[in-house]
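Okay, everyone, thanks for coming.

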Amino acid sequence: MFGYPKKAIVLSAISALIFGANAEPLRFNHDIRPILSDNCFRCHGPDKNQRKKGLRLDIREQAIEKKAFVPGKPEDSKLVTHIFSTDPDEIMPPPESNKKLTAEQKEILKRWIAEGAQYEPHWAYIKPVKAPLPAVKNKKWVSNQIDPFILQQLEAKNWTPSPEADKRTLLRRLSLDLTGLPPTLDELNAFLRDNSSHAYEKQVDRLLASPHYGECMAVPWLDVARFSDTVGYHGDQNQRIFPYRDYVINAFNNNKPFDQFTIEQLAGDLLPHPTDEQLVATGFNRLNMMTREGGAQPKEYLAKYGADRVRTVSGAFLGSTMACCECHDHKFDPFKTRDFYSMKAFFADVKQWGVYADYGYTPNPELRGVGNEHPFYPEIEVDSPYLKSRMADFTKRIDTAIADASKKMNKQQKKNFDVWRKWSTDFVKVHTNGWFTPTPSAQYVKKEMNSTPNTNFVIEASGNIQFVGKPGDTEVSLPLSNGLWLSAIRVELVPDKKLAVPTKKKRPTDSSISFTAKLENGTNKTSLDFYHAEADHKKDRFSNGASVIGVKDMWQPDPDLDNELQTAVWVLSKPVHLSTNETLKLDFKENGVAALRISVSPFAATAPMASGANDALAKALRKNDRSNLQTTYYLSTAWDTNTLADVRKWQREVLECRNGRAYTMVTKQMEPMVTHILPRGNWQDDSAPIVEPATPAFLPAPPNPTNRRLTRLDLAQWIVSPDNPLTSRAIMNRMWKQFFGTGISATVEDLGTQGDPPSHPELLDWLAVEFQESGWNIKHMVKLMVMSSTYREASNLRSPMRDEDPNDRLLSAQEPRRLDAEFVRDNALSIAGLINLQVGGPSAFPYQPAGYYANIQFPERDYYPDKDDRQYRRGIYAHWQRTFLQPMLANFDAPSREESVCTRNISNSPQQALTLLNDPTFVECSRVFAQNVLLQKSKTDDGRLDYAFEKALARPIKQNEKHSLLEFLNQQRQNVAEHKDDPDKLMHVGIAPTTSTLDKNELTAWTQVCRVILNMHETITRY
């Protein structure tokens, strides 16, 4: 609120005491903009709705016009008058703003006006230029182009860089930074033995080539992309998206150029002939939170989804905060509300629904029947290398188990095989396809004693059963002869054209089929259980966002194929060999089909639809080809019951791999929706103008000579164009933080005027240009950073740097930092030797107690921790429930990913120590780590502690540490002796087995020691 002063003000004359006569000229971006932005721009900046007295201080011409500045004449400048005033009606900033300039800041502004009040465009909005490398004195310290920029500022203060860290620290730092995993002892010893001049570089190249490099680099990007396994809002239902995570990991491992990486995620579907990989990449646009809450307003949520995408893109790629522009012009930066909605308009062609469910108040034919159990469309199905590999592994286990059992046949078992082969050969001669259709009978099952059947049956010679009348429970009987092997049951839905008497009944595919089965012989009844069932055509059913595997409990035929034969096959859990003539009875529940035919087979297969016989089986039977008969024989007779449970367990794992295929959400283009500017973000107000897609007006625009509507592809190409000054800076600044602890601009999420000025602006620009000139080569930039002498400095901040630069902004030392949440867990699993290093695939479920998801509804669901090797998968694969994040991840500051996050907060809390002590994963890691310590060659406590420290920290144990831990170990031995039940309790934490040869009491005592080691601050810190 700048106006004319009411009384004269005597200006301060202390500037000469603050600034020397030979001081360097003040720079607007470095010295002035931060003061104005923090104290003045809110009322005198870009936001016209908050602007006072029509004065803008962010534009030099307007400020001079209003005489806020009179260049060269601070005594005539209203700004100087007001900031030095003591009158509460005149002083600026006004008291009610809770802002107050320091005496030094006032003098800086006064001096700047005296120097001419020159402006500079904000540093982030100027196209970066490569400055020449600074001249430095200590040229021997310089390893590459990064170091002169750092050394120049240190030498200006007569400071020296820290010495290079020792080799142990270097390799642990490098391993944790590039893979998120500590070095193994073999890797450490190999590096210690390598005295060549390129020893360190060889380790850099090895780690950059590791498949785990991509996993490590993917973690911060998944924060940016707000990757999650669930949708967040209301029911927080599961969504199918893990192939996108695999895409990100593979992109980093394959060193996909960042410009291509950007374009594929924002607009892969708009590329010519997009590949599956490029379509998977577009899952980035679909990772906003979504709802299917009853009563939610579609238009409101479409507004939310669009706004989320603007926030995400501006933060992820531009290092800018545009969120406030949803309601008003940015108060500090030149982003306008129109820019927000013009950016949102780029995504108006993303196919989506405000409410992802089929409700009467929001009818949509494409969502007919969709409810809380369904996925979130659109999706595509793609290959999953992880699932293919896992499926191949379990298939091999099955084949090996059956082959091993066949090799161990005794004489009687071989004789039984010959009997089966001869019987099967005769059966196939009569029933060439391996299926037998007994002549059926059927009856309506009365629900009330006095009810009369309202269903009539027509039995055809072919075995077809026609049903006429209302649906109802129906019992179908099929006579089976003595000696028959019963392994599989087939149900065929017969279309009208195959019937002798056409029916006008409800179409068969409008109904579902489910039944129970039993064998009857007089009063003897034997229930039959089914292992699995599948159909050649079916309508998908879903549970918690995933498709239900098979049709064992219910078969819903495909409604689009009701004029074609549809078939389903049920495989028995255990085949039955009939010793007498028996009747197979199938009880169909609410049977509403028009006609069906039921057949049985003695030949089961791993895939139900492959049951029965074919030419290959017939040939093998005739030639007594045991190698090609052993699997069919085993599955059709289950003659070796000892291995049947394992085979069935592994078969279920194969089924869970879904033929190595997975669905994933993708972006699908549609006709763009109209995009209005929403006044104050009000989604109900369409009174404001319609906007077309456009990039922020103050930045260079993408080329558009024909004035066509711009697309997401134009946006993506503009983001990574040389004309855009923001992207390369934003990405390099975030990467610098990843390897040096703090960004060159500390506020990596905001390179705007409220952000932190760069500590080394020329270096940031040099990196930004180098990144572009390298072809947006991520690995090239990573290697530059980690090969620098700056990166290799020791991490002990010395005096006077500790006092003058406590945040180490000048990088006189490397900055220690606690590991991110995922890597805290990975580190413990790796030290213990438990970690599962398979790359890619679906999310895993770490330990959580029963009922963990009891409060989650729509749908209600249970939490099932993995009980196999998936329990030890890396943290990047942990199931990410947005509203119910894994406590371990939350305690170590992982974000919920409800919003895009460019930097994680780092806290130090008691919950973290309690997690490391008591979380089942860390207790189990301690137990297995202790077990490995006790199994080492050394049998002395000293030697075992030496090994434990080398393994956990890549360094020898210190004498004072050894003394403390030996004392603690002896205390634990005494404690175990006094509490006999403790070992048994501890041994059962986690699913990892305990070696039976070890003394339980000794293992318990050492487990407590290892819990201490894994809980050390140093263990979870990268130095």
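So, look just past the end of helix 24, at Gly-775: its phi is positive, about 85°. Keep in mind that this is a predicted model.

Now step back into helix 24 itself, which covers residues 761-773. Its 13 residues span 18 Å from the first C-alpha to the last, close to the 18 Å expected at 1.5 Å a residue. Is this helix mostly covered or mostly open? Mostly covered, with 10 of the 13 residues buried. Among them are Leu-763, Leu-764, Trp-766 and Phe-771, but also Asp-765 and Glu-770. And what do the buried ones pack against? That would be helix 7, helix 13, helix 23 and helix 25.

Leu-767 is one of the buried residues of helix 24, and it turns up again in the largest nonpolar core. That core has 179 residues, and Leu-767 is listed with those making the most contacts inside it, including Trp-221, Trp-736 and Phe-739. Helix 15 gives the most to this core, nine residues. Domain 2 and domain 4 each put in at least three.

Let's zoom in on Phe-739. Further off in sequence, it touches Met-217, Val-782 and Tyr-791, among others, and also Asp-177 and Arg-1022. Apart from this core there's another one, of 67 residues, with Ala-405 and Val-491 among them.

Last stop: Gln-203, in helix 10. Why do we call Gln-203 buried? Because its relative accessibility is 9%, and the cut-off for buried is under 20%. Beyond its close sequence neighbours, Gln-203 contacts Leu-171, Leu-174 and Phe-191.

Notes:
Residues are numbered from 1 along each chain as its sequence is written. This is a predicted model: local features need pLDDT of at least 70, side-chain atom pairs count only at pLDDT 80 or more; totals for chains, interfaces and linings use all residues. Side-chain values use heavy atoms; hydrogens and water are left out. A nonpolar core is a set of buried Ala, Val, Leu, Ile, Met, Phe, Trp, Tyr and Cys residues joined through side-chain atoms within 4.5 Å. Buried means under 20% relative accessible area, exposed over 50%, partly exposed in between (1.4 Å probe, protein chains only). Helices (H or I, at least four residues) and strands (E, at least two) are DSSP runs, numbered from the N terminus. Domain bounds come from an automatic or database domain assignment. Contact means heavy atoms within 4.5 Å. The expected span of a helix is 1.5 Å times one less than its number of residues. Lists of a residue's contacts leave out its neighbours within four places in sequence.
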